[in-house]
Amino acid sequence: MSLMSFASESLKNLFKKPVTTKYPFEPAVYPERSRGHIEIEIDNCIGCGMCVRSCPLGALQVNRAKGLWAINRFDCIACGYCVEKCPKKCLFMKPGYQTPGEQKNEDVFVKSPEQLEKEAKQREEAAAKAAAAQQAALAKKALEAKKAEEAAKAAKSEEGKD
């Protein structure tokens with residue numbers, strides 16, 4: 001009896017569409033909001049470290065001076081906290097799985113030398129502007145103090161005349 005039910009079921013399945021996907025030959029379609037893995041657009045990264053501070057497992061590292069951003073893929077659980085906290089939105093979740101590997105490795109992304117030079121120039125210009133603004137504020141305070149001193153002298157001389 002069981003052999004006959006099996007035979008009838010297999011005959012039905014001969015004329016139906018396959019239930020499985022043709023994965024290696026067709027790309028997998030991931031559902032919306034699937035987490036996938038973390039990727040970065042390194043040239044947009046400012047190296048603020050907000051992603052590092054928000055990572056619960058400490059899988060990220062940032063070196064602002066060298067323009068490095070590193071992720072330990074084995075420690076990362078793809079929670080997405082770093083993506084949420086990134087102020088420049090240079091981190092994003094890429095749908096799909098990362099390529100499996102045999103060894104524990106760390107992916108390191110490095111900014112281009114041109115980008116590092118550009119950022120260094122921007123920092124220098126910002127520092128120069130801040131220094132100029134600070135000098136202007138000090139000069140203004142000194143001028144106001146001098147005017148106040150002259151006004152006090154004038155008031156004293158007025159008192160002496162009366």
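**View 1. N72, a buried residue of strand β3.** N72 has a relative accessible area of 13%, where buried means under 20%, exposed over 50% and partly exposed in between (1.4 Å probe, protein chains only). The strand spans residues 68-72; strands are DSSP runs of E with at least two residues, helices are runs of H or I with at least four, and both are numbered from the N terminus. Leaving aside neighbours within four places in sequence, N72 is in contact (heavy atoms within 4.5 Å) with A59, K104, N105 and E106. This is a predicted model, in which local features need pLDDT of at least 70 and side-chain atom pairs pLDDT 80 or more, while totals for chains, interfaces and linings use all residues. Residues are numbered from 1 along each chain as its sequence is written, and side-chain values use heavy atoms, without hydrogens and water.

**View 2. The salt-bridge network of E39, R73 and D107.** A salt bridge puts a side-chain nitrogen of Lys or Arg within 4 Å of a carboxyl oxygen of Asp or Glu. For E39 and R73, the closest N and O atoms are 3.6 Å apart. E39 lies in strand β1 and R73 in the loop between β3 and α3, so this pair ties together parts 34 residues apart in sequence. R73 also pairs with D107, at 2.7 Å between the closest N and O atoms. E39 is buried at 17% relative accessibility, R73 is buried at 10%, and D107 is partly exposed at 25%.

**View 3. The salt bridge between D75 and K104.** Here the closest N and O atoms are 3.7 Å apart. D75 is partly exposed at 28%, whereas K104 is exposed at 58%.
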